[in-house]
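Subject: Model handover

Hello,

My notes follow below it.

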Amino acid sequence: MDFKSIKEMLKKISLAFLLVAALACQADPRITAVVSPNDLKPDIQQSVEAKSVVELLENFHYKRVAVDDALSSLILDDYLKALDGGKNYFLRSDIADFEKYRTTLDDDLRTGDLSVAFYIFNVYQKRFNDRIGFALKQIDNKFSFASNETYVYDRENMPWFTNQGESDAQWAKKIKYETLNLKITGTDESKIGETLKKRYENQVSQSTKFNNQDVFQIFMNSFTGSVETHTSYFVPTKAQEFNEDLARTFEGIGARLQLENEVVKIAEIIPGGPAFKAKTLEVGDRIIAVAQGNGEFVDVVGWRLDVTVTKIKGPKGTTVRLKIIPAGQEMASTPKIVTLVRDKVVLEDQSAKKITKSVTSGGKTYKVGIIQLPAFYADFRAMQAGDRNYKSTTRDVRILLDSLKKENVDAVILDLRSNGGGSLPEAISLTGLFINKGPVVQVRDRRNKIEVDEDENAGVAWSGPLGVMVDRFSASASEIFAGAIQDYGRGIIIGNQTYGKGTVQQGIDMKRVIGPADMLMLKAAQTASSKTNIEGTKTRGGAITSSGNTPEFGQINLTMAKFYRVNGSSTQHRGVMPDIEFPTIFPIDKYGESSEPRALPWDTIAPSNFIPVTNLVASRTKLLNLHNERMKTSLEFKNLKEDIMEYAKRDAETSITLNEAQLKKERDEQEAKSLARDNQRRVAKGLAPIYKKKDPKVKDDFAGEPKVKEDNDFIRDESLQIMADFINLK
């Protein structure tokens, strides 16, 4: 044996001894009970990560956390809610059994003992599989829909099932309702049973694909969420997804995939990506095997979608081969082999876009550019690598503004509706496109140190009339931008009170916080796992592998500070109040930061030293008066208020009738009301009405969908009118 071989052997022996010693030092798990032969179990890496998260939260979280018995109680409640929030699976006896762990989860997390968390999940999965099996047996029953029974579909505020019989009764009604629903919605009665069987068999299939990373993800987020709403833990694959979403780029073949009948199917080809350029894949093609470069093919039929995705994604410049069954061909057909070289894929459909609209006011017609911004994104990895053309919100919006100026628009609206935020630097730099220079946001950390972040670039990209559309789901970076525009008097904020997320999260790669001894132990465990396939490190249906962009040990997004506007007011909890406010269908006690029980409170600090662009107080008052006058005669505004009342009524309901005649009557009345409203609006706009499909009283030429599609967005249309008023005032 040569020296190199001896050295390698000694290295393996050393790692083995290290692993054995580390395992010996691990405390005995609190619970060793076996729920079923397929119980999922935690691994060493998850144990180490759990301990590290405890240290991070106690030492660096803004809230100054104590991981103690009180927090343990919250963790248990959150975990049970995450698993069975609708109270459809667990029995009261299960909950009573779990009570003994109410004040011990904090101790377990400190020692990395995840046995209780996995025990609770295994009980849940047993109950889940049992309920799905029961449901499948109910599908062939002959139901009568003439009684006045009701089905309670929302059990969140009800007690847990007392016994199996009570659970059986609820699930029997669930299948009865789903049968009735399919019947009323026009499904062929001979196909109803087949449809329901496929639905529940698919749930069985998905249940078998759960792995220990899924359990760890759910439990750790119950832990972090019990501390504060926006602190989150991500297992490696979820961390990669989060970071790619923030960057609006990823490295792969440029296709969106979906799972259908156990087979991964091409759902979309992303423009500009390798698959788009090669033109060798089509929407509907099914992937049955994947190979890396010239390696052997691995069959992926029956695999989890996320596991298959990790096999197909990979570093730019590497090759992946796919064995596919082309769309429209039988699964028994001869597969086709497609070779693709992975590349960087830019998600343009999720980036800033512009449209131009005309609006008439006071006898004049104005052109308004609307920039739709779904998130504040930035490709930090490309930026850090020195890529001068890295993807970012501010770069994209600047290009769109230049284009709109060439179109000679009279005003610009930034549409931030449902924009949940993203990059703080992008919120600052985007604000800088509309103000000359100055502070944009203040940030206070856990030591009460205040940092003022400024736009330091002189000049603006757009100096004309500006509007910002927001809604209840505009959050974080959206609120920083909208608040700054409002404080500077730079534009008019239109819409609803925003979400109220005024906290700062830093994404921390767990590799940075795991200690040297634990890291050596993990390396030893990984070496042993790769050789022996330790139970728990593989998924059911394929092994999850990490690419070069995936945080190997996961990532925690840790709340470390709070945002404050330049006027000193926090955006936390209260959000930004618009200058022109619309009623909203989403009540603030159920949606937004104010609905979160562990949200940090609103407060204030001293204002920054900033100089407003102008004082818009008088203009806001005039714009509001003009808006209110229009709303007095607005059909759409009337409909919106009716929708809000109807939504509140429906939201309070928790049950539904199982009487076929009654349910059909209620739905027909709702459809008729909706159709009448649509036609009232269309006629007011000079469009042809819509007739109910297959209505025997109406000629076929007019039945069904209208030939002229309606571009209906009341909030946007009224925002255009407000901007026209703003132009007139200026």
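Is R131 buried or exposed? R131 counts as buried, because its relative accessibility is 3%. Buried means under 20% relative accessible area, exposed means over 50%, and partly exposed is in between (1.4 Å probe, protein chains only).

Some ground rules. This is a predicted model: local features need pLDDT of at least 70, side-chain atom pairs count only at pLDDT 80 or more, and totals for chains, interfaces and linings use all residues. Residues are numbered from 1 along each chain as its sequence is written, and side-chain values use heavy atoms, with hydrogens and water left out.

R131 and its surroundings

R131 sits in helix α6. Helices are DSSP runs (H or I, at least four residues), as are strands (E, at least two), numbered from the N terminus. Setting aside neighbours within four places in sequence, R131 contacts N88, Y89, Q164, S167, D168 and W171. Contact means heavy atoms within 4.5 Å.

α6 against α3

Two packed helices are described by the angle between their axes and the distance between the axes. Helix α3 covers residues 69-84 and helix α6 covers residues 115-138. Their axes come within 11 Å and cross at roughly 30°. Therefore α3 is roughly parallel to α6. Axes are lines fitted to C-alpha atoms, for helices over the stretch in contact, and angles run from 0 to 180 degrees between N-to-C directions. Under 35 degrees counts as roughly parallel, over 145 as roughly antiparallel, 65 to 115 as roughly perpendicular, and the rest as oblique.

The crossing of α3 and α6 is right-handed. The term applies if the near helix is turned clockwise from the far one by less than a right angle; anticlockwise is left-handed. From α3, L76, Y79, L80, L83 and D84 meet A117, I120, F121 and Y124 of α6. By class, the residues of this contact are eight nonpolar, no polar and one charged. Nonpolar covers Ala, Val, Leu, Ile, Met, Phe, Trp, Tyr, Cys and Pro; charged covers Asp, Glu, Lys and Arg; the others, Gly among them, are polar.

α6 against α9

The axes of α6 and α9 come within 10 Å and cross at roughly 110°. So α6 is roughly perpendicular to α9. A117, F118 and F121 in α6 meet N212, V215, F216 and F219 in α9. That contact has six nonpolar residues, one polar and no charged.

F216 belongs to helix α9 (residues 212-227). F216 counts as buried, because its relative accessibility is 0%. Beyond residues up to four places away in sequence, F216 touches Q46, E49, A50, L114, F118, Y233 and V235. F216 and L114 are 102 residues apart along the chain, with C-alpha atoms separated by 8.5 Å.

α8

Helix α8 (residues 189-208) has 20 residues. Its first and last C-alpha are 30 Å apart, close to the 28 Å expected at 1.5 Å a residue. The expected span is 1.5 Å times one less than the number of residues. I192, G193, L196, Y200, S205 and S207 are buried in α8. The buried residues of α8 pack against α6 and α7 (164-184).

Backbone points to check

Most residues other than glycine have a negative phi. S476 has a positive phi of about 55° and is not a glycine. S476 lies in the loop between β16 (466-470) and α16 (477-487). S476 is buried, at 7% relative accessible area. H573, also not a glycine, has a positive phi near 75°. H573 is in the loop between β19 (555-564) and β20 (580-581). H573 counts as partly exposed, at 26% relative accessibility.

Regards
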